[in-house]
Amino acid sequence: MAMINNDKIELVDDKIVNNEEFKKNVAIPYFKDIYKDLVAQSDDKTKGINRITLLTYTKLPGIIGERFFSVLDLSKTDYIDLREFVHGFFKVYYSNLETKIKLSFDM
């Protein structure tokens with residue numbers, strides 16, 4: 001994984017990514033910012049991110065995008081709340097290979 005810091009790209013060590021401090025102070029705030037931006041584009045900001053907003057953001061084609069939304073929408077409300085969003089994006093970006101493979105099959 002690469003982080004951009006003052007116009008310089010630094011590779012991030014897996015030990016840092018798996019570190020709870022990194023998750024708490026870097027990853028979760030980052031995902032919360034993305035969530036906030038996507039909710040602002042959603043049709044009902046009180047419910048979370050709607051399907052169209054997530055599909056537009058991810059640019060996943062057809063059925064893959066639809067299945068990704070369904071996998072993230074754990075409560076089956078047709079909206080993704082903050083907990084579901086952070087949980088899902090941790091699976092995509094900060095999980096082990098086995099979890100990523102399971103996510104792929106769930107999709």
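A cavity is a set of points, on a 1 Å grid over the protein atoms alone, where a 1.4 Å probe fits but cannot get out; its lining residues have an atom within 4 Å of a point. The model is predicted, so local features need pLDDT of at least 70 and side-chain atom pairs count only at pLDDT 80 or more, while totals for chains, interfaces and linings use all residues. Residues are numbered from 1 along each chain, and side-chain values use heavy atoms, without hydrogens or water.

The largest cavity is lined by Val71, Leu72, Leu74, Glu84, His87, Gly88 and Lys91. Two elements give two or more residues to this lining: helix H4 (62–72) and H5. Helices are DSSP runs (H or I, at least four residues), numbered from the N terminus. H5 provides the largest share, four residues.

Helix H2 spans residues 20–41. A bend of about 30 degrees occurs at Ala27, and Pro29 follows within four residues. The bend is the angle between axes fitted to the seven residues ending at a position and the seven starting there.

Eleven aromatic pairs are found in the whole structure. Rings of Phe, Tyr and Trp (its six-membered ring) pair if their centres lie within 6.5 Å; planes over 60 degrees apart count as edge-to-face. Phe31 and Phe89 form an edge-to-face pair, 5.9 Å centre to centre with 70 degrees between the planes. Phe31 lies in H2 and Phe89 in H5 (residues 82–93), 58 residues apart. Both are buried.

Notes. The expected span of a helix is 1.5 Å times one less than its number of residues. Rings of Phe, Tyr and Trp (its six-membered ring) pair if their centres lie within 6.5 Å; planes under 30 degrees apart count as stacked, over 60 as edge-to-face and the rest as tilted. Buried means under 20% relative accessible area, exposed over 50%, partly exposed in between (1.4 Å probe, protein chains only). On a 1 Å grid over the protein atoms alone, a cavity is a set of points where a 1.4 Å probe fits but cannot get out, and a pocket is an open set with protein on both sides within 12 Å along at least five of seven lines; lining residues have an atom within 4 Å of a point.
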